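Please open the model in your viewer and keep the sequence beside it. The stops below say what to select next and what is found there.

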Amino acid sequence: MHISEGVLSPQVLIAGAALAAAGTAIGLRKLDQEKLPLVGVLSATFFVASLVQVPAGGPISMHLVLNGVCGLLLGWAAFPAILVGLILQALLFQFGGLTTLGVTTFNIAAPAVLMGFVCRKGVESRHPAVRMVSEFLCGSCSVLLAALGVAAALMATGQSFWTYAATEVLVHIPVMIIEGIFTMFAVEFLLKVRPEMFHYSSASVHG
C-alpha cells in the first residue's frame with residue numbers, strides 16, 4: 001500500500017493531498033471526544049499491523065491494513081487515525097514517504113469509511129450469517145478498494161507503471177482474504193465484550 005517517494009506525478013500527489021486533507025478535516029469535525037482513546041488505540045493497531053511488509057516488486061509492497069475495522073468503529077474518524085499511523089511509519093521506518101502521505105491516506109481511509117458505512121447494517125444484524133458475511137466483506141473489500149486506489153494512482157502517473165498497478169491488485173488477493181477473516185473474528189469478539197463500541201450517532205456517520 002505504501003508508495004515510494006519520487007514515483008507519483010505532481011498532479012496525483014496534489015490531488016491525493018487535497019482529498020486526504022478534506023477527509024481528515026471531516027473526520028476531525030465529526031470526532032466524538034469520547035472516542036479519542038479508541039482513535040488512538042486503532043491508530044496504534046494500524047501502525048503495528050502495517051510494519052510487517054512484503055516487497056511486491058518495484059515501488060509497491062503488501063501488508064495487513066485493518067482499515068475495515070477502523071471504518072466500522074470510527075467512521076470518518078478513520079481518516080485522522082490512519083494519517084497519524086502513516087506519518088509515524090514514514091518518519092520512524094521510512095515506509096512510503098512524506099510526499100505520498102496524502103495519496104496513501106486517501107487510498108486506505110476512504111475505503112474504510114465507505115465499507116464501514118455499507119456494512120454497518122449487516123454487522124448490527126441479529127442473524128449470525130448475515131453479520132459474519134458483512135464483517136468479512138468489510139475487511140476484504142476495504143483492502144480491495146485500497147489496492148485499486150494505489151493502482152489508479154500509479155496508472156494516472158504514466159503507462160510505465162501499469163504493470164505495477166496490476167501487480168498491486170493481484171498480490172493483495174491473499175491479504176484481502178486474511179483481512180476478511182481477521183475482521184470477522186475481531187468484530188465478533190468486540191460485539192460480545194464491548195457491543196457499545198458499535199453504537200453510532202447519526203452525526204458521526206452522516207454529518
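**A patch on the surface**

Begin by selecting Val84, Leu88, Leu91, Leu92, Phe93 and Leu98, which form a nonpolar patch on the surface and together have about 550 Å² of accessible area. Patches are made of residues with over 30% relative accessible area and no salt bridge, where like charges are joined within 9 Å and nonpolar side chains (Val, Leu, Ile, Met, Phe, Trp, Tyr) within 5 Å. A salt bridge is a side-chain nitrogen of Lys or Arg within 4 Å of a carboxyl oxygen of Asp or Glu, and accessible areas come from the Shrake-Rupley method with a 1.4 Å probe, with only the protein chains shown counting as cover for residues.

Before going on, note that this is a predicted model, in which local features need pLDDT of at least 70 and side-chain atom pairs count only at pLDDT 80 or more, while totals for chains, interfaces and linings use all residues. Residues are numbered from 1 along each chain as its sequence is written, and side-chain values use heavy atoms, with hydrogens and water left out.

Next select α3, where eight of its eight residues are buried, among them Asn67, Val69 and Cys70. These buried residues pack against α2 (36-49), α4, α5 (101-123), α6 (128-157) and α8, with contact meaning heavy atoms within 4.5 Å.

Leucine 66 sits in the loop between β2 (61-62) and α3 (67-74), and its phi is near 65°, a positive value in a residue other than glycine. Most residues other than glycine have a negative phi. With a relative accessible area of 8%, leucine 66 is buried. Following α3 comes glycine 75, whose phi is also positive, near 65°.

**The nonpolar cores**

Which residues have the most contacts inside the largest nonpolar core? Select Leu42, Leu73, Leu74, Ala78, Ile82 and Phe198, in a core that has 34 residues. At least two residues of this core come from each of α2, α3, α4, α5, α6 and α8, and α5 gives the most, with nine residues. A nonpolar core is a set of buried Ala, Val, Leu, Ile, Met, Phe, Trp, Tyr and Cys residues joined through side-chain atoms within 4.5 Å.

Centre the view on isoleucine 82, which touches Phe46, Asn67, Ile108 and Ala109, not counting residues up to four places away in sequence. A second, separate core of 13 residues includes Leu13, Val150, Ala151 and Ala153.

**Leucine 191**

Now move to leucine 191 in helix α8 (residues 173-193), which is partly exposed, with a relative accessible area of 21%. Leaving aside neighbours within four places in sequence, leucine 191 is in contact with Val123, Arg131, Glu135 and Phe198.

**The cysteines**

Finally, select cysteine 119, which is buried at 6% relative accessibility and whose sulfur is 4.5 Å from the closest cysteine sulfur, in cysteine 138, too far for a bond. A disulfide is a pair of cysteine sulfur atoms within 2.5 Å, and by this rule the count comes to zero disulfides.

Technical notes
Buried means under 20% relative accessible area, exposed over 50%, partly exposed in between (1.4 Å probe, protein chains only). Helices (H or I, at least four residues) and strands (E, at least two) are DSSP runs, numbered from the N terminus.
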